[in-house]
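Here is a short report on a protein chain. Follow it with the structure open.

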Amino acid sequence: MGRLLKLEHHFVYYEMTDLRNNNVYTAKIYPKKLLTKNDERSKNIVTEIKCLKKLKHPNIAKLVYYFEDNEFVYLLFERFPEKVIVYN
């Protein structure tokens with residue numbers, strides 16, 4: 001895990017590096033312990049991923065990849081500067 005960029009109530013932003021190619025991403029990470037199958041937050045994450053996959057705008061970081069493990073849901077974005085105000 002990389003450097004913590006921002007801590008929110010239900011998720012965190014980290015800077016992460018892909019060790020295969022040294023690409024650096026901004027990761028939005030949701031802990032699964034705060035989610036349930038029919039929880040509104042879970043539905044919102046699915047909607048967020050669907051929207052971000054389609055979204056192409058020069059002023060919005062591109063969603064590059066998303067995945068999950070047993071503990072977290074990860075959304076990897078193009079790296080964006082820390083000074084950028086992140087809206088959720």
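Glu-48 and Lys-28 are both buried, where buried means under 20% relative accessible area, exposed over 50% and partly exposed in between (1.4 Å probe, protein chains only). The two form a salt bridge, with the closest N and O atoms 2.8 Å apart. Glu-48 sits in helix H1 and Lys-28 in strand E3 (residues 24–31), so distant parts of the chain, 20 residues apart, are linked. Helices (H or I, at least four residues) and strands (E, at least two) are DSSP runs, numbered from the N terminus.

This is a predicted model: local features need pLDDT of at least 70, side-chain atom pairs count only at pLDDT 80 or more, and totals for chains, interfaces and linings use all residues. Residues are numbered from 1 along each chain as its sequence is written, and side-chain values use heavy atoms, with hydrogens and water left out.

**Salt bridges**

The whole structure holds 4 salt bridges. The criterion is a side-chain nitrogen of Lys or Arg within 4 Å of a carboxyl oxygen of Asp or Glu. Among them are these:

| Pair | N to O distance |
|---|---|
| Glu-48 and Lys-28 | 2.8 Å |
| Arg-20 and Asp-18 | 2.7 Å |
| Arg-79 and Glu-15 | 3.1 Å |

Arg-79 lies in the segment after E5 and Glu-15 in strand E2 (residues 12–17), so this pair ties together parts 64 residues apart in sequence. Arg-79 is exposed because its relative accessibility is 52%. Glu-15 is buried, at 18%. Arg-20 is exposed at 75%, while Asp-18 is buried at 14%.

**Fold**

The chain has 1 helix and 5 strands. From the N terminus, the elements run β-β-β-α-β-β. The strands form an open sheet in the order E1-E2-E3-E5-E4, with antiparallel pairing; two strands pair if DSSP finds at least two bridges between them. Strand E1 (4–7) and E4 are the edge strands, each pairing on one side only. E4 pairs with strand E5 (residues 72–78) over 5 bridges. Within E5, Leu-75 stands opposite Tyr-66.

Buried residues make up 32% of the 88 in the chain. The largest nonpolar core has 12 residues, including Phe-11, Ile-45, Leu-63 and Leu-75. Helix H1 (40–54) and E5 are the elements that give two or more residues to this core. Another core, of 7 residues, lies apart from it and includes Val-12 and Leu-76. A nonpolar core is a set of buried Ala, Val, Leu, Ile, Met, Phe, Trp, Tyr and Cys residues joined through side-chain atoms within 4.5 Å.
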